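The sequence and structure come first.

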Amino acid sequence: MHHKKGLVSCVTPVYNGEKYLARMLDSILNQTYPFVEMILVDDGSTDCTMEIAESYRERFEEKQYSYQIVRTEHKNASAAINRGLPWVTGEYLIWPDSDDILESDSIKKRVEFLIEHPNYHSVRSLMYYFANDGSKANAAEKIGDLYEEHLFFDIMEHKTFVCCGCYMLRTEMFFSIYPERKIPEYPVGQNFQMLLPYMYRYKCYTIPEPLYGVRVRPDSHSRRPKTQEETEQQFKDFEDLIDEIRKICGIQNIRERIRILYWKMRRRQILAHRYGKKVMAIQAKIIIFLCGRSQKQQALLRWLKKLLGRETKYVESCRK
């Protein structure tokens, strides 16, 4: 499919967002960049979200921004993203959350970077956090090393941020990863699916400016208290998702696979300590120890295996 040069596709899933959606849409309309298509996917809202969304059609038309509203039954954010991806026609892709906001030059600065640096296929900005009353809120994610450009493991291991609205990707490269325009659907969000296979292939530059605002609200799905059963299921879903992403990336390198296994076991260790699962804690600790062996230890083990192999051959020869 041909992508319209210079156009930025904005895909946003929304579920019962009547309190916050208007401000996000206003921030899109306030962009200084002239070429934007807004694809809003309603994930089966039961409040006034759709009425608010429909009320913005005329304003988007006046701005000369394309505006699509896609409706679907309620499932989860990754499924909603998948309903929006077939509508994407732009050269660039962003997917801000429905309760966050973009600074007026957020899109423009990121597009300009990708135009000026064709060797980069993704770029991100910094973010800031705000409460419902507009006041400054505490950061919820680590910033990490802003000079690091290979972000696959930093994102997976939560060493840097995954704020969805901070990232911009080239759609041609994104859909080469997902030619059917469908990311893996899991009830644990959409950012790992959107980012990790892309970041495994391409480096990402960080614009050191807070161009995206993240709303911090206690009633959000990610922050509400969860039962033990819900938490255990969430941990399992993340592990299953990472396994699928590893296959999408085609990761065969043994060091990278060990690092992924180590990530899983660290999470299981946390879960085990939280709920007093002693057997799980011991199993995780053993595997963490094995994964954490240094290269020198691995080299020593290989040498010992060779030595033992020679010893076995020597013993067998003596028996003859």
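Which helix do the buried residues of α11 pack against? They pack against α10 (254-275).

## The model

This is a predicted model, in which local features need pLDDT of at least 70 and side-chain atom pairs count only at pLDDT 80 or more, while totals for chains, interfaces and linings use all residues. Residues are numbered from 1 along each chain as its sequence is written, and side-chain values use heavy atoms, with hydrogens and water left out.

The protein has 12 helices and 8 strands; helices (H or I, at least four residues) and strands (E, at least two) are DSSP runs, numbered from the N terminus. Of the 320 residues, 49% are buried (under 20% relative accessible area; exposed is over 50%, partly exposed in between, with a 1.4 Å probe and protein chains only).

## Helix α11

Helix α11 covers residues 278-291, 14 residues in total. From first C-alpha to last, α11 reaches 20 Å, close to the 20 Å expected (1.5 Å times one less than the number of residues).

Ala-281, Ala-284, Ile-288 and Cys-291 are the buried residues of α11. They fall within an arc of 90° seen down the axis, so they line one face of the helix; the arc is that of the directions from the helix axis to the C-beta atoms. Lys-278, Val-279, Ile-282 and Phe-289, on the other side, are exposed.

## Packing with α10

The axes of α10 and α11 come within 8 Å and cross at roughly 150° (lines fitted to C-alpha atoms over the stretch in contact, with angles from 0 to 180 degrees between N-to-C directions). That makes α10 roughly antiparallel to α11, a label for angles over 145 degrees.

Residues of α10 in contact with α11 include Leu-261, Met-265 and Ala-272; contact means heavy atoms within 4.5 Å. On the α11 side, Met-280, Lys-285 and Ile-287 are among those that meet α10.

Note on methods:
Angles under 35 degrees count as roughly parallel, over 145 as roughly antiparallel, 65 to 115 as roughly perpendicular and the rest as oblique.
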